[in-house]
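User: Hi! I am new to protein structures and would like to go through one with you. Could you show it to me first?

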Amino acid sequence: MQIGVIGLGRMGGNIVRRLTRAGHGCVVYDANPAPGAALAKDGAIAAGSVPALVEALGESPRTVWVMLPAGKITEDTIAQLAGLMRGGDVIIDGGNTNFKDDVRRAKELAPKGIKYLDIGTSGGVWGLQRGYCLMIGGDAEVVQRLDPIFAALAPGLGDIERTDGREKHDPRAERGYIHAGPVGAGHFVKMIHNGIEYGMMQAFAEGFDIMKNRASDKLPADERYDLNLGDIAEVWRRGSVVTSWLLDLTASALAKDAQLEHFSGHVEDSGEGRWTIEAAIEEAVPADVLAASLFVRFRSRQQHTFAEKVLSAMRLGFGGHVEAPKK
């Protein structure tokens, strides 16, 4: 299949690479021409502008995947595409957009006959090798028509043990992608995914901080332990109940820098955690852990602990998120 991709950053560029390796044709554009030129060497067609990208896709139905930061740049790009595309064409937003913006955009595009999909995309900087977990919202017919694209991006069955009793269920979930529901559902599910991610990361961070401080001279001498946190992270990776990719990233960071001295502990949030708490408030659903983990990130920008360094190490590992420079 042929698809246009706008936004060739850490994830957008690797999405193009994974698609071209699977035999799909990609027309790409980024405000910075360098990544497009690099992808052209791998088989993509680099366009010099958004109109040029749409033109290069040829006749309808055309599909353009927008992989840009949530906010004005995505809004402006989708508005520009709306003026260039025709009935039957598809616009995909694969960034971390608020699901309510998806609902609004779909309504705005509907009179023109342009279809809209929102795709929560998880996989970070490792998506090229591991594949992307995709949570898709939008019209079922459009999702089905574009299935070869999603199947190519998703991880596939891999070597994960199969879940008992799933034989009669939608096989796409086992392969790493789902049609979550109508417009907005994909980004809503991804938003909750990221809120949960905050809580899981916070639990690991606090646990390692408690272990690190067990050597404190404020404790009785016979109850102090100078623990090797790198070894603990490594042994937990192998058969323990808390085994996870986040633990893998923590073990890797500690193996390279036992004190995490290269991290200040200044932890940003990208928006989804806030939106998750807002959704919990709208639904009157208690979310104690998720709310607390978000507030810790706010506090980390004022004072730092070892726990925040662990959080920073995990964020760098899965998403390439570099700490804000010290002020």
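This is a predicted model: local features need pLDDT of at least 70, side-chain atom pairs count only at pLDDT 80 or more; totals for chains, interfaces and linings use all residues.

User: Where is aspartate 42, and which residues is it in contact with, leaving aside neighbours within four places in sequence?
Analyst: Aspartate 42 sits in the loop between helix H2 (33-40) and strand S3 (45-46); helices (H or I, at least four residues) and strands (E, at least two) are DSSP runs, numbered from the N terminus. Its C-alpha atom is 7.5 Å from that of threonine 20, although the two are 22 residues apart along the chain. Contact means heavy atoms within 4.5 Å. Leaving aside neighbours within four places in sequence, the contacts of aspartate 42 are Arg17 and Thr20.

User: Is isoleucine 119 buried or exposed?
Analyst: Isoleucine 119 belongs to strand S6 (residues 115-122). Seven of the eight residues of S6 are buried, so this strand is largely enclosed by the rest of the structure. Isoleucine 119 touches residues including Trp65, Leu134, Phe150 and His187, not counting those up to four places away in sequence. With a relative accessible area of 0%, isoleucine 119 is buried.

User: In which sense do strand S5 and S6 pair?
Analyst: Two strands pair if DSSP finds at least two bridges between them. Aspartate 93 stands opposite aspartate 118 in S6. Strand S5 (residues 90-93) and S6 have four bridges, and the sense of their pairing is parallel.

User: Why does the radius of gyration agree with a compact globule?
Analyst: The radius is taken over C-alpha atoms, and the globule rule is 2.2 Å times the number of residues to the power 0.38. For 327 residues, a compact globule would be near 20 Å, which agrees with the chain's radius of gyration of 22 Å.

User: What share of the residues in the chain is buried?
Analyst: The chain has 14 helices and eight strands, and its C-alpha trace spans about 75 × 45 × 40 Å along the principal axes. Of its 327 residues, the buried share is 47%.

Definitions and conventions: Residues are numbered from 1 along each chain as its sequence is written. Side-chain values use heavy atoms; hydrogens and water are left out. Buried means under 20% relative accessible area, exposed over 50%, partly exposed in between (1.4 Å probe, protein chains only).
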